[in-house]
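The following paragraphs lead the reader through a predicted model. The account begins with a ligand and its surroundings and then turns to the nonpolar cores.

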Amino acid sequence: MGMELGKYKTCVSARSTDKEIVAKAQDGGIVTQLFAFALEQGIIDGAIVTGLGDRPWKPRPFIATTREELLTSRGTKYNVSPNVAWIKEATRSFGLDKVGIVGTPCQMQAVRKVQLYPIGMRDVPDKIALAVGIFCMENFLYKSIQQLVEDHAGQKMQSVKKMTIGKGKFSVYTERGNVVALPLKITEKYEQAGCHVCLDYVANLSDVSTGSVGSPDGWSTVFVRTKKGDHIWSKAIAAGCFETKPIEEVKPGLELVTKLAHEKIHKNEIYLNKRASYGVGKGLRNPYI
Amino acid sequence: MYLYSDMNNPMRNEAIQLSKVVEISPTTRHEGHSKLVLKVNDSGIVERGDWLSITPVRGVEKLAIGKTMEQVPKIASRVCGICPIAHTLAAIESMEASIKCEVPKDAHLLRVILQCANRLHSIALHNVLILPDLYIPGTDTKINPFTKEEPVRTVAKRIQRIREIGQTIGEIAGGEAIHPSNPRVGGMYRNVTEHAMWKMYDLAKEGLVLAHEQMEFMIAVIRNFQKRDWTEIGGQQIPIPKTLGYHNQGYMATDPIYGSSSLDEHPTWNPARWIETRPWDWYMGQVEINYEDPTYPVGGTTKVGTKAWPQIEACTGVPTYDGQPVEVGPRARLTMFKNYDEKGTIGQHIARQMEYPDCLYSIIKCLDILNPNGKVLADNIPQGDGSFGWAANEAPRGTDVHLARVKDGRVQWFEMLVPTTWNFPTASRALVGAPWQLAEMVIRGYDPCVSCATHMIVVDEDNRIVAQKLMQ
Amino acid sequence: MATEKSATIPSDVKMEKKAEVSKKEEKSVSNKIKAGHVHLSGCTGCLVALADNYQGLFKLLDDYVDWVYDLTLADVRHIPEMDVALVEGSVCIQDHESVEDIKTTRNKSKIVVAVGGCACYGNITRFARGGQHNQPQHESYVPIGDLIDVDVYIPGCAPTPQQIRNVCVMAYLLLMGTEDQKKLAANYLKPLMNLAKRGTTACFCDLMTEVINQGLCMGCGTCAAACPVRAITHEWGKPQGQRDLCIKCGACYSQCPRSWYSFDVMNEFEGIMEIIDGAMK
Ligand SMILES: Cc1cc2nc3c(=O)[nH]c(=O)nc-3n(C[C@H](O)[C@H](O)[C@H](O)COP(=O)(O)OP(=O)(O)OC[C@H]3O[C@@H](n4cnc5c(N)ncnc54)[C@H](O)[C@@H]3O)c2cc1C
Ligand code: SF4
Ligand code: SF4
Ligand code: SF4
Ligand code: SF4
């Protein structure tokens, strides 16, 4: 195990045992199931998740405080959702003491910086009860996704049922059964700029992180990382929320996760180096110290 | 009152030289920078006291001009971190008064909750500031609120819990505990959820019990002090006059809890009765310090030979109501609305403690009628035509009046008559008759927050009072 | 002179303990650091933030910090020698006393911490332009870093109780801790020391020029949550700053994970949080 997978206590392949959750989940319904369980147990009293906004596939971060609300957030929206924007308000007009939050690796980094350096985040640090990270290779702006779906893939945003990125392809599934897979060469140009300096693939700083890579279809790869994460995950397993398989026994397994993580980080490290001499005797800023 | 021409009057300078002049600078255990210049007689009794702010003037009233009506209250909030709620609300409501915008009922309720939460924390904080002046009953031991020893630690913990309850309720209703972010022109950015409402309710219920306990404790400690003949200062026993802090000025308050504005059907404050004099007219001319006491805690008084010139050093104007300084604050509120009649520093301290429970009763009352689904922002927010509007807010330390003119969404004119500014001249008068060593104790009775007490004068070029013109 | 005994003794005041209540400020214990609060042109909100550690304030004062100077909470009138000076507010350069105070503070302190937007960046005093009675000449306010070298920055308005607490605990470990603790504290404080070196201006514009324009923003939303005046929203995933509302406190930029980010510290977040929690127990 290299550093690219971060610290973790356990890694398994898992799937929610709740049929309703799995029905519309992106992968194994790990995120929704974990929040639903934590909510029911009083481990969190609300979770910041991504629902749908005022346009098809436009994300809208919101604070879910019931299972019904959580269910409306299932599925991946491949464009930027500023979830952390709610992290303080959750503790204010929502009155939450135990906040759950889901986000990409960069958002998990943001959450931890909020906790260790709470510069503009009074009374927030000790109220983060569960931070669930999702693996992330890259993200897009809304118009980029629209161009990919409507121009390159030739589908209407409204009729898209699901989008996935995996097995080297960006795939669009429509309600009427169309499937268009674009090679990642095409999507590359549209990637969000900030993603090119990103050095984390599997949300190393989350309590629990999950993604599709490494596990069979309909299953998720899950890293349990912190004491908090371990505690909640164990309780959820004991309560029968998930069926699991040892990660060593599933295909393609951790090897692929490690490979992709390594590729992402390596590529972006090279880019970060290039930035240092982007101009003539002048470079672009490197945020990492 | 001295006039400008008096400066060259030999009689006046002579009078100054006859009394001993002692200066305490800076004063401690209150917010901001201020000092005391005291003329005392041979027995050390204050004959004339000038208490003045020496906090640099950030000039918020002037920098406000031309800025948006949304931004100015955010800046105004930051003149004082102890009653920022009052400044935020008074500033916002003065803008609303100018543009004639009524806010929805639930927005108003959230503001009242925020107001009471801030007052609760502020009274508790002030307890910490005055406890070192007071004694553990039955002993000659003054109270150090930070000691680990019991019984003080239990009290100190209770004070912090009360503050925590106040600040947390304020944070929920107002977005931030110190400079609130939720209030805005036209109402509030967000209503609270039902969950948040119950959380505030639980906190208020807990706070009510603690506030009652704390009130009783403080009153007992203050009454104990009142029975003493002397207090120890710098190793000496200083006699405590029974009339400590008495003055003959009047009181001004606009509401027991919240405030008033020019939009009200029956406003309880009248700008026509407000006149502002310059510190130049009010404070002493140049004096030389000719008495010093190196044993005065901590570090002694100002060195003999130092010059003081209160007239030009004072950083505030001197607002008066019907031509006289008035006292504002807890005692003023109790006197005006509840027939409270105890005078002096003791009366003031007692009055403040008596405000404890009502902070929480009022929060609970508001929560009972708050609708978490109600709208909190006015449908229509006019941008203003330059009309005059004012709003008074009953800050922990007293009436905080902001006056504004807004045109096309921008502030044309802005004025802040903050509590401590009203109290400066009144407190100065209340010093007379006290041993000079007790002067700081008298001003602490006003719980001054000096940073905010800096505003411009409103006498125009022709020396007419702007307020009168405003009413025309 | 005899003291009259009180007739009403509050129920929770236990008389037998009276002798133990110390009369004077407690004598400094050698294993605490000496710290204080220097108030310049600020609003005291920064100090209230420190006090808003509630019970934690007692823990800090009991075990780590000898509170040697603070006009509001203590009775000391003149700036003494300090290990750590927490400075609140900017400096009015037309006010001689303020200028002297900040110079004295620098000369007498090992570590100077600029606490809050005013001390770090000027905050609302950046808008000052004088002309107001009774001191119309008070027109120029500068962050303390324009007059002295500052070691550590805590931006924000108000700064948060937790950030002030973390800096106090880390300063204690830096000065009093074991070798390992010293290293940890140095790592933790480094970004805040870099901020102090970076400059004395702040605004929403920093996110534009240093993050978005530099191709670093990834739309996490943190800046919007950090802003104390709700000047930032997200439009189509990216921050929109209402610059007419911004008060120049610097919270958004320094809270943004793409302004600065230290893997050394962040990868150990769980352990560091435990250390801080442990210290406050
Ligand atoms: C931009 C992006 C890129 C990703 N790239 C990879 C990848 O390369 N490899 C991989 O294995 N997995 C990747 N994932 C994760 C994967 O798509 C699933 O989100 C993850 O496996 C969780 O599935 P689930 O069934 O457990 O979650 P569900 O139960 O379906 O819940 C999904 C959760 O994701 C949240 N969410 C949806 N969209 C966003 C968004 N834009 N930003 C933040 N949160 C969001 C929702 O709030 C919801 O809580 C990516 C996800 C995103 C958002
Ligand atoms: S690639 Fe990195 S920066 Fe981009 S969205 Fe994913 S985690 Fe964030
Ligand atoms: S930073 Fe904010 S809280 Fe601190 S002094 Fe300045 S205005 Fe007040
Ligand atoms: S905090 Fe930084 S990275 Fe996140 S949205 Fe704001 S500017 Fe972008
Ligand atoms: S945008 Fe907000 S957080 Fe950023 S500097 Fe301005 S006021 Fe501070």
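Which residue has a polar backbone atom 2.8 Å from an oxygen atom of ligand 1? In this predicted model, Gln26(A) provides such a backbone atom at that distance. Val213(A) also has a backbone N or O atom placed 2.8 Å from an oxygen atom of ligand 1. A nitrogen atom of the ligand, in turn, lies 2.7 Å from a polar backbone atom of Lys77(A). Of the 900 Å² of accessible area that ligand 1 has on its own, the protein covers 99%.

Two elements of chain A, α2 (30-41) and β2 (46-52), each give two or more residues to the shell around ligand 1. The greatest contribution is that of α2(A), with three residues. In total, 31 residues surround the ligand, and the closest are Asp27(A), Thr32(A), Thr50(A), Thr76(A) and Lys77(A). By residue class, the shell consists of 15 polar, 12 nonpolar and four charged residues.

The nonpolar cores form the second topic. The largest core has 262 residues, and the members that touch the most others are Ile87(A), Leu38(B), Phe414(B), Ile144(C) and Leu192(C). When neighbours within four places in sequence are left aside, the contacts of Leu38(B) include Val21(B), Val22(B), Ile24(B), Val46(B), Leu431(B), Trp436(B) and Ala439(B). Lys20(B), Arg48(B) and Gly49(B) are also in contact with Leu38(B).

How values were computed
Residues numbered from 1 in each chain as written. Chains lettered and ligands numbered in written order. Predicted model: local features only at pLDDT ≥ 70, side-chain atom pairs only at ≥ 80, totals over all residues. Heavy atoms only, no water. Near = heavy atom within 4 Å. Polar contact = N/O pair within 3.5 Å; in protein donor to acceptor, adjacent residues only side chain to side chain. Areas by Shrake-Rupley, 256 points an atom, 1.4 Å probe, with all protein chains shown as cover. Helix = DSSP H or I, 4+ residues; strand = E, 2+ residues; numbered from the N terminus. Nonpolar A, V, L, I, M, F, W, Y, C, P; charged D, E, K, R; others polar. Core = buried A, V, L, I, M, F, W, Y, C linked by side-chain atoms within 4.5 Å. Buried < 20%, exposed > 50% of the residue type's maximum accessible area, 1.4 Å probe, protein only. Contact = heavy atoms within 4.5 Å.
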